[in-house]
Amino acid sequence: MILPFVKYHGTGNDFIIIDNRLNTFTPSSMNISFLCNRNMGIGADGVILFENKASFDFSMRYYNSNGFEGSMCGNGGRCISAFYYNNVAKLYKLRFNAVDGIHQSEILNIESKNSLIVKLQMQDVSQVDIFLKDFYLNTGSPHVVQFVKDVDKVDVVKEGRRIRYSDQYAPEGVNVNFVEIQNKSLYVRTYERGVEDETLSCGTGVTASAIAASFVDNVSSFDITTRGGNLKVSFQKKENKITNIWLEGPATFVYSGEIEI
C-alpha cells in the first residue's frame, strides 16, 4: 500500500504522523520498525497515529522505533497538536486521548512558518521515589533522573542502558535522564527505552527532570536545555503531589510524503 505521512519534530525528537481516522493503516512491529529505520525507511524516534475518538478532538497512539506501542510521549503530544492545528482546524485549545489518559494542549503562538509553540498538560504525579542518588517517577512514562556535575561528560548510552536493563527496573525497563542544574535552569540528556539510544529531547523526560529538580532546589518552573532545543516545564507542588504540569516548546513541521509498505 502507499502510505501518506507527515514528519514533525519537537526539539529534535522526531515523529512520523499518520492520519488514521479511516483506519486504513494497521500497525505491526515490522512496518513500524521499517518506517522508523533511518537507513531504509523514513527515519524517526517513533510513529504517531492520529485517530478519531468520540467526545475528543482526536486520539493519539504512539509506537517506539523498536516497533512496539509505547507509553506517553510528551513531545509527540505537542507535535500531534500542531498537526491538528495545521491540517484539521485552527483551534488553539485541544483535548485528546492518549494511552495514559486525557490531555489538554494549547497553541500559544506561531514561531515561524513551520513551527508552533505548543503547551501540553501532563498527568499529575502522585509519587516520587528516591533511591540513593536517583529519583524515580512516572510522568506518563517511567523515568529515572540522576543529577550530575557535567552532563556533557556522561556516556549516556552506556550508563543509560545499564540502568534501563538493571534488575531493579526489570522487566519493563525505564527511561534514564542525566541532569545538570545550571542556576535555575536544567540541561537534560535522555536515554529512551524503545528507541534504545539517546534522543535529542524527551518530553516526559524533561518533565520528570524538572519535578525531581524541585526536590533539590525548591522551584516550580524550569527552563530546560536539551541537545535538540529549549523547553519549559511548570507545575504546582504540594509535598509529594505534583499537579497542573505543563510542557512547553516548539513543534516543527519537517515535510510530508508517501512511502510504499
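Helices (H or I, at least four residues) and strands (E, at least two) are taken here as DSSP runs, numbered from the N terminus. The model is a predicted one, so local features need pLDDT of at least 70 and side-chain atom pairs count only at pLDDT 80 or more, while totals for chains, interfaces and linings use all residues. Residues are numbered from 1 along each chain as its sequence is written, and side-chain values use heavy atoms, with hydrogens and water left out.

Most peptide bonds are trans, and most residues other than glycine have a negative phi. Thr11, in the loop between strands S1 (2–10) and S2 (13–19), has a positive phi, near 45°. Glu239 has a positive phi too, near 55°, and belongs to the loop between strands S15 (229–238) and S16 (241–260). Thr11 is buried at 1% relative accessibility, whereas Glu239 is exposed at 70%; buried means under 20% relative accessible area, exposed over 50%, and partly exposed in between (1.4 Å probe, protein chains only).

Next comes Asn31, a residue of helix H1 (residues 29–36). Asn31 is buried, with a relative accessible area of 15%. Setting aside neighbours within four places in sequence, Asn31 is in contact with Phe25 and Thr26 (contact means heavy atoms within 4.5 Å). The Asn31 side chain also reaches the backbone oxygen of Thr26 at 3.1 Å. Gly67 lies 36 residues away from Asn31 along the chain, yet their C-alpha atoms are separated by 7.4 Å.

Helix H2 (residues 74–87) is another one to look at. Its 14 residues reach 20 Å from first C-alpha to last, close to the 20 Å expected at 1.5 Å a residue; the expected span is 1.5 Å times one less than the number of residues. Of those 14 residues, 12 are buried, so H2 is largely enclosed by the rest of the structure. Among the buried ones are Gly74, Arg78, Cys79, Phe83 and Tyr85.

Terms used. Polar contact = N/O pair within 3.5 Å; in protein donor to acceptor, adjacent residues only side chain to side chain.
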